[in-house]
Amino acid sequence: MRNLQKNDTPFRENIIRSSKNNFSRVILALDLQGDSSSKLLRNAKNLVDRTSPYICAVKLGRPTILNLGVERTRALIKASHGNNLPCIIDDKLGDIDETNSAISRAYFDMGFDGIIVNPIAGWKGGLEPVFKIAHRQGKGIIVLVYMSHPGASDDFGQFVLRNRRGRPTRQYEIFAERADEWGADGAVVGATRPEIVKRVRAKLSDKVRIYSPGIGTQGGKVIQASRAGSDFFIIGRSITRASDPERAAHNFARQSMTEP
Ligand code: XMP
């Protein structure tokens, strides 16, 4: 993992500190569904408490907020913070500026430390205020660059022309450039595509860490993604649905800290 850089934001400092303390680059992904909100919260807190020695952050998906409701989501964020773990909202935010501002403010008020955004919304009239709001409050912004699922190649992998005379460029390369130019704290690239991780790593400055989902259930491997340049590994079902989530988290943590 890239070490702390000069001018790293509080979000970056926190997640790197947590990663060093727990000797893990694993982020636990929680997408809760299928039970009453009180039972979901109980189970989720239990999972966070049990896996907390082996993870460096928690990422909540929109299903979690929709199924828990706002107050119980706050309680879950508090439980993560109680274990010294930053909490990221995976919103893939990509609306117009005012709507983006309202959504991101609401998430940050709930206690989230960072947010995943969709660069397709662009800067002016799109994501610009989200970066300002986040960085004013010491929060982090992670930009989607190449998703982990098979269909991601339809758009993230397509060739586009920036202008009539320009050479065709892959969409994800443009997104990686934007993440860098915009001052993002991180870029999401699926662990299912280590070659793309490598190419994106080469485009990004060191302060933009690569966050890779798609480990285990979706076929990605921690070691391969780590060798390619991923800094953090977002892992959901392979931990949450394991017969022994602590042991699964511990195993992934060990892999994540193995020298590439
Ligand atoms: P699993 O169970 O597959 O969960 O380990 C992965 C988690 O990560 C989310 N996910 C993504 N989030 N960009 C993202 O921002 C992606 O490319 C991506 N792929 C998976 C997924 O929603 C789940 O929470």
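Some housekeeping: residues are numbered from 1 along each chain as its sequence is written, and side-chain values use heavy atoms, with hydrogens and water left out. Because the model is predicted, local features need pLDDT of at least 70 and side-chain atom pairs count only at pLDDT 80 or more, while totals for chains, interfaces and linings use all residues.

Let's start with the helices. Two packed helices are described by the angle between their axes and the distance between the axes. Here, helix H2 (residues 37–51) and helix H4 (residues 70–82) have axes that come within 10 Å and cross at roughly 10°. H2 and H4 are therefore roughly parallel to each other, a label for angles under 35 degrees. On the H2 side, the contact (heavy atoms within 4.5 Å) is made by Ser 37, Ser 38, Leu 41, Ala 44, Lys 45 and Val 48. H4 brings Arg 72, Ala 75, Leu 76, Ala 79 and Ser 80. By class, that gives 6 nonpolar, 3 polar and 2 charged residues.

Now the backbone. Most residues other than glycine have a negative phi. So which residues have a positive phi although they are not glycine? One is Phe 23, with a phi of about 50°, in the loop between helix H1 (10–22) and strand E1 (26–30). Phe 23 counts as exposed (over 50% relative accessible area) because its relative accessibility is 56%.

Another is Lys 92, with a phi of about 55°, and this residue lies in strand E3 (residues 87–93). At 27% relative accessibility, Lys 92 counts as partly exposed, meaning between 20% and 50%.

Definitions and conventions
Axes fitted to C-alpha atoms, helices over the stretch in contact; angles between N-to-C directions. Helix = DSSP H or I, 4+ residues; strand = E, 2+ residues; numbered from the N terminus. Parallel < 35°, antiparallel > 145°, perpendicular 65-115°, else oblique. Nonpolar A, V, L, I, M, F, W, Y, C, P; charged D, E, K, R; others polar. Buried < 20%, exposed > 50% of the residue type's maximum accessible area, 1.4 Å probe, protein only.
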